[in-house]
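Let's walk through this structure together with a few friendly questions. Here it is.

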Amino acid sequence: MEILFATTNKGKATELRAAFKNAGITATIKTNADLDRPPVVEEYGTTFEQNAKLKAHELADYSQMLTIADDSGLMVDALDGAPGVHSARYAGIEHNDHKNNAKLLAELGGVPLKQRTAKFNTTIVASKPGHFDQDLVVSGQCAGLILPAPQGEDGFGYDPLFFVPEKQKTFAEMTTAEKNSLSHRGRAISQLLQKLPAWLEQFE
Ligand SMILES: O=P(O)(O)OP(=O)(O)OP(=O)(O)OC[C@H]1O[C@@H](n2cnc3c(O)ncnc32)[C@H](O)[C@@H]1O
Ligand SMILES: [Mg+2]
């Protein structure tokens, strides 16, 4: 089986491929990087589900492949849920992981650790070309704390700042397998893998 993962984020692709492999699924996962001039999707939705659908539908139409998309974000309690669906472009037009992390630290200023609670969400949508009314939608969450300084070198995005109390580590201090075992994305992927077989059957 060949699946398109409609993403431009290499870190997400690494985690999804590892989780599929760990579950014994032998599907070939392609991403936007494997397509010739893939469309750039504008993520103008106001929810994770809307944005995941925008990505899944546009790339499914373009590729005519079975397509999944992931829309994720970080909700920080002391910032009333920001950056939320705006997590990718938190630092503005010329955003990158480093600038986004710097902005997050600046916004949290002198907030004490106990009050730096946050939650990650991943929503994954699976779409079959021509059957967008039958999308499969799953989500996963993970709770943690935003550290006052980065810790760890692995992962991507906000990983060096996101501390998971039960492991006493940031996501950037975990292996891919360890992060997948408890992360928002790992949990969404296990939901996806549970529901995918029955969902695929309706198209046979
Ligand atoms: O839309 P695609 O192409 O999939 O890739 P993206 O990086 O733009 O991803 P999102 O639109 O879902 O934006 C999510 C933002 O949150 C960050 N992010 C998502 N998952 C994360 C994770 O597991 N750990 C740390 N940061 C994460 C990511 O780096 C983005 O800045
Ligand atoms: Mg994006």
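Q: Why does Glu42 count as exposed?

A: Glu42 has 10 C-beta neighbours inside 10 Å, so Glu42 counts as exposed. This is a predicted model, in which local features need pLDDT of at least 70, side-chain atom pairs count only at pLDDT 80 or more, and totals for chains, interfaces and linings use all residues. Residues are numbered from 1 along each chain as its sequence is written, while chains are lettered from A and ligands numbered from 1 in the order in which they are written.

Q: What makes Asp71 count as buried?

A: Asp71 has 26 C-beta neighbours inside 10 Å, and therefore counts as buried. Its place is in strand E3, whereas Glu42 lies in the loop between strand E2 (28-31) and helix H2 (48-63). Helices (H or I, at least four residues) and strands (E, at least two) are DSSP runs, numbered from the N terminus.

Q: Where does UniProt place the feature "binding site"?

A: The unreviewed UniProt entry places it at Glu42 and Asp71. Although spread over 30 residues of sequence, they cluster in space, with a largest C-alpha distance of 12.3 Å. Such annotations may be inferred rather than shown by experiment.

Q: Which element gives the most to the shell around ligand 1?

A: That is E3, with four residues.

Terms used
Buried ≥ 20, exposed ≤ 12 C-beta atoms within 10 Å, placed from the backbone.
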